[in-house]
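Here's a quick briefing on a ligand and the pocket around it. Have a look at the model first, then we'll go through the contacts and the lining.

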Amino acid sequence: MILDNQQNIILIGFMGVGKGTIARALVKNSDFFAIDTDDLIESLENKKIKKIFEQEGEPHFRNLEKKCALWCEKNLTNTIISTGGGFYKQDNLKKIGKVIYLQSTFDKILEGIHNSPNSKKKLKKRPLLQNIEEAKKIYNQRVTQYENVADIIINIEDRDINQAVENILKAIK
Ligand code: S3P
């Protein structure tokens, strides 16, 4: 059992890897509730992430993530927290809960986005996925940082959601 009493689970990983999808699937198979840090930020600002980047810039968004991380630490228990791809950098990450890194290669992540029925929307809403070369650089910079901060690493390259959920539940029991 890697979870302490009432502890949260934090899903980290690159944009489009499936953090929200896995969180929703985990809820169906457990007593956990789930929230998403980008959703919290959007509702706080009453603005889409894309608009926040356009109008206030990335540093403002990162400040909102910090605020969100502090709020999560203080207020959440027994919650699966899916996060934006850059949220893993928060200083208090480990204080929020156990960190699960959803791991995949850059090419498989892109393939998954392109194969999804709403792929255009998925690409459009992510400011840091507009330029694929730049996105790949970000991926390469982050990949070992994700691994280093993770308590558990779950490979999701084959995009088998059921298997991933099973592996996560096994790992935290
Ligand atoms: C970001 C990832 C996005 C969102 C923002 C920045 C990042 O979330 O938080 O566009 O820095 O990787 P997803 O991981 O859900 O795409």
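How many Å separate an oxygen atom of the ligand from an N or O atom in the side chain of Arg-62? In this predicted model, the distance is 2.7 Å. The protein covers 94% of the 390 Å² of accessible area that the ligand has on its own.

**Around the ligand**
- The ligand is surrounded by 13 residues, and the closest are Lys-19, Arg-62, Gly-85, Arg-126 and Arg-142.
- Sorted by class, that shell holds five nonpolar, three polar and five charged residues.

- Lys-19 puts a polar side-chain atom 2.5 Å from an oxygen atom of the ligand.

- As for where the ligand sits, it's in the largest pocket, which has a volume of about 1,100 Å³.
- The lining runs to 40 residues, with Gly-16, Asp-36, Asp-38, Lys-125 and Arg-126 closest to the pocket's centre.
- Split by class, the lining of the largest pocket comes out at 18 charged, 12 nonpolar and 10 polar residues.

**Who builds the lining**
- Helix H1 (19-28) is among the elements that each supply at least two lining residues, and H1 gives the largest share, six residues.
- Others that supply at least two each are strand E2 (33-36) and helices H2 (37-45), H3 (49-55), H4 (58-75) and H7 (119-124).

Terms used: Residues are numbered from 1 along each chain as its sequence is written. This is a predicted model: local features need pLDDT of at least 70, side-chain atom pairs count only at pLDDT 80 or more; totals for chains, interfaces and linings use all residues. Side-chain values use heavy atoms; hydrogens and water are left out. A residue is near a molecule or strand if one of its heavy atoms lies within 4 Å of it. A polar contact is a pair of N or O atoms within 3.5 Å; within protein, one must be able to donate a hydrogen and the other to accept it, and residues adjacent in sequence count only if both atoms are side-chain atoms. Accessible areas come from the Shrake-Rupley method with a 1.4 Å probe; for residues, only the protein chains shown count as cover. On a 1 Å grid over the protein atoms alone, a cavity is a set of points where a 1.4 Å probe fits but cannot get out, and a pocket is an open set with protein on both sides within 12 Å along at least five of seven lines; lining residues have an atom within 4 Å of a point. A molecule sits in a cavity or pocket if more than half of its atoms lie within 2 Å of its grid points. Ala, Val, Leu, Ile, Met, Phe, Trp, Tyr, Cys and Pro count as nonpolar, Asp, Glu, Lys and Arg as charged, and the others, Gly among them, as polar. Grid points are joined across faces, edges and corners, and a volume is the space filled by probe spheres set on the points. Helices (H or I, at least four residues) and strands (E, at least two) are DSSP runs, numbered from the N terminus.
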